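Morning, everyone. I'll walk through one model, a few spots at a time. Have the structure open as we go.

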Amino acid sequence: MPLQLNEPLQDLAADAAAELKKHLDADAALTAAAPGRVNLIGEHIDYCDGFVLPFAIERYIVIAAAENGTREARIGTSCEGIVTLDLTKRKEPGVPKWANYLRGVIRGFQDRGHTIPGFDAYIVSSVPLGAGLSSSAALECAMATLLEGLLDTVLDTREKALLAQRAEHDFAGVPCGIMDQFASAFGKVNQLVLIDCRSGEPEMVPFENPDLTVLISNTTVHHELSDGGYAARRKNTEDGLAVIGKDSWRDVTMDEVEAAWDRLGDPVNRRSRHVVGEIARTISAAKALKENDFETLGPLMSASHDSLRDDFEVSCKELDILVDIARGIGREGGVIGARMTGGGFGGSTVTLCESDKAAAIAATLAGEYKKATGIDAQIFASRPAEGAHLL
Ligand code: GLA
């Protein structure tokens with residue numbers, strides 16, 4: 001069966017509660033969930049004042065918790081064991097490293113002046129880790145939502161997303177944009193989150209057509225974003241903007257990139273071409289999607305992938321293979337468009353396709369990918385899901 005199923009959220013919550021009981025002998029009093037995301041188009045331009053078009057997926061990080069009457073947080077996960085955090089101290093980054101996402105979010109609440117009560121918690125996840133589907137943003141947003149519950153307070157959704165992003169910057173060392181945390185926090189069933197990253201305004205775009213399916217294919221190849229590739233790309237875009245002499249990429253035209261080509265130098269000129277091209281593609285894609293104009297949308301997704309591969313250089317062999325297989329299936333086979341999704345350097349592709357052909361497309365993707373690489377891809381479908389919330 002090439003198409004994996006998404007575990008129902010209630011089952012994940014029950015798993016988390018059972019693990020909390022087993023490992024920390026606590027009865028779950030609060031359960032928080034936050035989804036990963038997939039991005040349809042608008043890649044590596046959230047930190048360039050661009051537009052992005054992600055949605056929250058039916059894959060969640062779930063945290064079951066209970067107050068423990070101390071000033072310590074004891075937090076467990078199946079892959080990492082249990083970490084104990086002293087809540088009387090202002091949190092700083094530390095070891096184990098995976099817990100830095102949690103420390104960063106706790107620090108965000110401490111900086112808002114909250115005194116966090118001691119609690120026991122257990123984390124379970126159906127978001128594949130390191131698959132370019134924002135498991136880290138899901139963890140941050142789930143933790144923030146849990147703390148809201150423990151403190152009986154509700155943050156403005158934007159503030160919560162920005163607090164989670166700060167945890168990623170300051171505690172995980174990844175200078176990410178706002179896409180992942182916004183998608184995880186603002187996600188809604190049957191809605192895409194079109195984000196204007198200059199104004200920080202999300203616009204919900206309906207995505208309800210049952211004839212359309214979004215397939216997510218995890219190459220299972222993964223390179224840490226904190227390796228420096230992500231930060232290096234971001235720096236390239238900052239350098240490009242400085243050479244062009246504008247305050248925002250939104251005010252830069254392709255003619256201006258071309259006029260500055262030699263001054264920009266390689267690779268900054270190609271990075272700049274990606275940014276300006278991708279902003280235009282995303283605006284056109286959002287319009288095409290609203291108008292059900294798939295003949296326009298598909299080629300835009302394809303052009304986005306090519307630009308990420310050739311100009312921004314964040315794709316990899318495995319992602320290109322999956323996208324090429326989808327292109328080979330083509331419009332006749334039910335594929336509308338395919339591209340890499342997320343930060344790249346491994347991770348996943350997104351394939352927009354016709355629902356009645358989705359299972360056959362997934363089978364071809366899995367079979368051909370295995371033939372070409374020897375690797376089993378993990379493929380699942382997702383509709384837009386509810387963002388971070390308490391259960
Ligand atoms: C990662 C970052 C996002 C965004 C994407 C690329 O997922 O966390 O902010 O930059 O890469 O579009």
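Helices here are DSSP runs of H or I, at least four residues, and strands are runs of E, at least two, numbered from the N terminus. With that in hand: aspartate 152 sits in the loop between H3 and H4. Keep in mind that this is a predicted model.

Stay with aspartate 152. Its phi is near 55°, a positive value in a residue other than glycine. Most residues other than glycine have a negative phi. Is aspartate 152 buried or exposed? Aspartate 152 has a relative accessible area of 73%, so it is exposed.

Now serine 134. Phi is near 65° there, again positive in a residue other than glycine. Serine 134 is placed in the loop between strand S7, residues 119-125, and helix H3, residues 135-151. Its relative accessibility is 8%, so serine 134 counts as buried.

Next, the cis peptide bonds. As background, most peptide bonds are trans. The bond from valine 95 to proline 96 is cis, with omega near -5°. Proline 96 belongs to the loop between strand S6, residues 81-86, and H2. The bond from aspartate 266 to proline 267 is cis as well, with omega near 5°. You'll find proline 267 in the loop between helix H8, 261-264, and helix H9, 268-290.

On to helix packing. Take H2, residues 100-111, and H4, residues 157-172. Their axes come within 8 Å and cross at roughly 125°. That angle makes H2 oblique to H4. The crossing is right-handed. Which residues meet? From H2, we have Asn100, Tyr101, Arg103, Gly104, Val105, Arg107, Gly108 and Phe109. From H4, Leu163, Ala167, Glu168, Phe171 and Ala172. By type, this contact divides into seven nonpolar, three polar and three charged residues.

Aromatics now. How many aromatic pairs does the structure hold? Three. One of them is phenylalanine 55 with phenylalanine 207. The ring centres are 6.2 Å apart and the planes are at 20°, so this pair is stacked. Phenylalanine 55 is in strand S4, residues 54-67, and phenylalanine 207 is in the loop between S9 and S10, so the pair ties together parts 152 residues apart in sequence. Both phenylalanine 55 and phenylalanine 207 are buried.

Phenylalanine 182 and phenylalanine 186 make another aromatic pair, this one tilted. Here it is 5.1 Å centre to centre, with 45° between the planes. Both lie in helix H5, residues 179-186, four residues apart, about one turn of the helix. Phenylalanine 182 is at 2% relative accessibility, so it counts as buried. Phenylalanine 186, at 17%, also counts as buried, because the cut-off is under 20%.

Glutamate 208 is in the loop between strand S9, 201-206, and strand S10, 212-222. At 53% relative accessibility, glutamate 208 counts as exposed. Leaving out residues up to four places away in sequence, glutamate 208 touches Asn190 and Arg383.

Serine 304 is in helix H10, residues 294-310. Serine 304 is at 0% relative accessibility, so buried. Beyond four places in sequence, its contacts are Ile41, Glu278, Arg281 and Arg339.

Last, leucine 30, in strand S2, residues 30-39. What does leucine 30 touch, not counting residues up to four places away in sequence? Ile63, Ala64, Ala65, Leu146, Gly149, Leu150 and Leu390.

Note on methods
Residues numbered from 1 in each chain as written. Predicted model: local features only at pLDDT ≥ 70, side-chain atom pairs only at ≥ 80, totals over all residues. Heavy atoms only, no water. Contact = heavy atoms within 4.5 Å. Buried < 20%, exposed > 50% of the residue type's maximum accessible area, 1.4 Å probe, protein only. Axes fitted to C-alpha atoms, helices over the stretch in contact; angles between N-to-C directions. Parallel < 35°, antiparallel > 145°, perpendicular 65-115°, else oblique. Left-handed = near helix turned anticlockwise from the far one by under 90°. Nonpolar A, V, L, I, M, F, W, Y, C, P; charged D, E, K, R; others polar. Phe/Tyr/Trp six-rings, centres within 6.5 Å; stacked < 30°, edge-to-face > 60°.
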